[in-house]
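Look over the sequence and the structure, then read the points by topic.

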Amino acid sequence: DPYGIDDLHDDISKKLTISPNPCTSDLMISCTLEHESHIAIRLFSIEGQEINSWDLGYQPEGKFKDNINLGNLRNGVFIVSLATESEVFTAKLIVSH
């Protein structure tokens, strides 16, 4: 691929993973940090309203993982946002109890 589109998609998919999706209660969020960074996770409704946020402080370079309990959410589609000091990643999440 001379334009690097596949490389770009592969790079993003390696950085942020949410599972399971659909989620019933506990969601695992993982990403690869290229350097130590402050991490903040935000959860939005599909309409863009912020539902919750978690400030996870500074995390070391390398693989980061955290579990978030979403058992109190209604069924629906949400957007998970993970922000570092230099990048923001988003993923669509389905909650189904």
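Helices (H or I, at least four residues) and strands (E, at least two) are DSSP runs, numbered from the N terminus. By that count, the protein has one helix and seven strands. Along the sequence they follow the pattern α-β-β-β-β-β-β-β.

This is a predicted model: local features need pLDDT of at least 70, side-chain atom pairs count only at pLDDT 80 or more, and totals for chains, interfaces and linings use all residues. Residues are numbered from 1 along each chain as its sequence is written, and side-chain values use heavy atoms, leaving out hydrogens and water.

**Sheet**
- Strands pair if DSSP finds at least two bridges between them.
- Four strands make an open, antiparallel sheet in the order β4-β3-β6-β7.
- β4 (50-59) and β7 (88-95) stand at the edges with a single partner strand each, so one side of each has no neighbour in the sheet.
- Six bridges join β3 (residues 37-45) to the antiparallel β6 (residues 76-83).
- Arginine 42 stands opposite serine 81 in β6.

**Core**
- A nonpolar core is a set of buried (under 20% relative accessible area, 1.4 Å probe, protein chains only) Ala, Val, Leu, Ile, Met, Phe, Trp, Tyr and Cys residues joined through side-chain atoms within 4.5 Å.
- The largest nonpolar core has 21 residues, and Leu27, Ile29, Leu70, Val80, Leu82 and Leu93 have the most contacts inside it.
- β1 (16-19), β2 (26-33), β3, β5 (62-69), β6 and β7 each supply at least two residues of this core.

**Whole protein**
- Of the 97 residues, 32% count as buried.

Conventions:
Buried means under 20% relative accessible area, exposed over 50%, partly exposed in between (1.4 Å probe, protein chains only).
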